[in-house]
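Please load the model in your viewer and follow the stops below in order. Each stop names a selection and then describes what is found there.

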Amino acid sequence: MNNQTVSNQTIELLQNHRVYREFDSSATVPDSQLNDIIKCAQQAPSWQNGQHYSIINISDKALRQKIVDLQPRNPQIAQCSVFLVFVMDGYRSYLSSEAYDGSFEGFKDSDTLITLATDTALAAQNATVAAESLGYATCPIGGLRMIANDLIELLQLPKYTYPIFGLCIGKPSVEMRLKPRLPKSAVYFDNQYQVDALPQMLADYEQTILAFNEARERKPYRQKFADYYSQPYVAAAEDWLKAQGFLTKQK
């Protein structure tokens with residue numbers, strides 16, 4: 001198989017990504033394939049090779065049900081074959097700092113959140129692509145941020161760690177359509193950010209999404225984000241982060 005063929009298969013896979021929310025609960029993922037998925041996640045780019053994430057496989061059915069009870073809008077957590085929780089992880093960096101008598105004060109800066117969240121997201125994207133290349137469906141669960149404090153206790157997460165999303169992997173029980181994306185011109189610019197045409201492009205895209213008519217989308221596209229950003233998505237998030245050792249730098 002030549003490089004051009006591999007490249008085309010990868011591009012086709014990525015351009016056909018869609019999220020599935022209903023899974024065949026009887027399906028399983030062999031350990032060998034799960035191992036491949038995790039190894040792919042570990043090969044993601046990482047700032048300073050810090051690998052600032054941990055991945056927790058929730059294989060215990062009772063524990064999964066506890067998470068579903070806390071997140072009833074995401075029953076697929078219990079249905080899917082594999083459910084992974086992706087955790088921003090600075091604990092290993094803390095241990096490294098301790099080993100060399102570092103102050104660890106720099107960790108408390110807001111830039112740390114960007115670093116750790118980026119590392120974690122890149123690893124999760126690698127896992128997603130790997131899973132889909134093996135023929136599985138995936139569903140990211142961003143709503144875990146709403147129960148982060150509960151997960152810290154349930155998963156016995158140490159200080160300097162924080163759960164930010166989950167990933168369902170399995171066989172879909174319902175086919176999903178490919179959701180339209182924003183036009184390329186709304187997200188890709190040459191040299192400078194272009195603002196003039198964005199309001200109209202957003203209005204046009206809102207009509208595209210309305211015509212797509214996905215049942216779970218109850219609001220027009222722009223209104224959805226107007227409402228989301230009218231108040232914090234997770235009101236207590238800053239307090240939870242500080243309790244885990246983030247954002248505690250003295251001003």
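Begin by selecting strand E1 (residues 53–57) together with E2: the two run antiparallel and are joined by 5 bridges. Strands here are DSSP runs of at least two residues, helices (H or I) are runs of at least four, and both are numbered from the N terminus; two strands pair if DSSP finds at least two bridges between them. The model is predicted, so local features need pLDDT of at least 70 and side-chain atom pairs count only at pLDDT 80 or more, while totals for chains, interfaces and linings use all residues. Residues are numbered from 1 along each chain as its sequence is written, and side-chain values use heavy atoms, with hydrogens and water left out.

Strand E4 (residues 161–170) pairs with E2 in the antiparallel sense over 8 bridges.

Now display the whole of E2 (residues 82–89), where 8 of 8 residues are buried (under 20% relative accessible area; exposed is over 50%, partly exposed in between; 1.4 Å probe, protein chains only). Val-82, Leu-84, Phe-86 and Met-88 point one way, and Phe-83, Val-85, Val-87 and Asp-89 the other.

Then select the cysteines. The structure holds 0 disulfides (pairs of cysteine sulfur atoms within 2.5 Å). For Cys-80, the nearest cysteine sulfur is that of Cys-168, 3.7 Å away. Cys-80 is buried, because its relative accessibility is 5%. The sulfur of Cys-139 is 5.1 Å from that of Cys-168, its closest, and therefore too far for a bond.

Finally, select Tyr-233, in the loop between helix H10 (221–228) and helix H11 (237–243). Tyr-233 counts as partly exposed because its relative accessibility is 36%.
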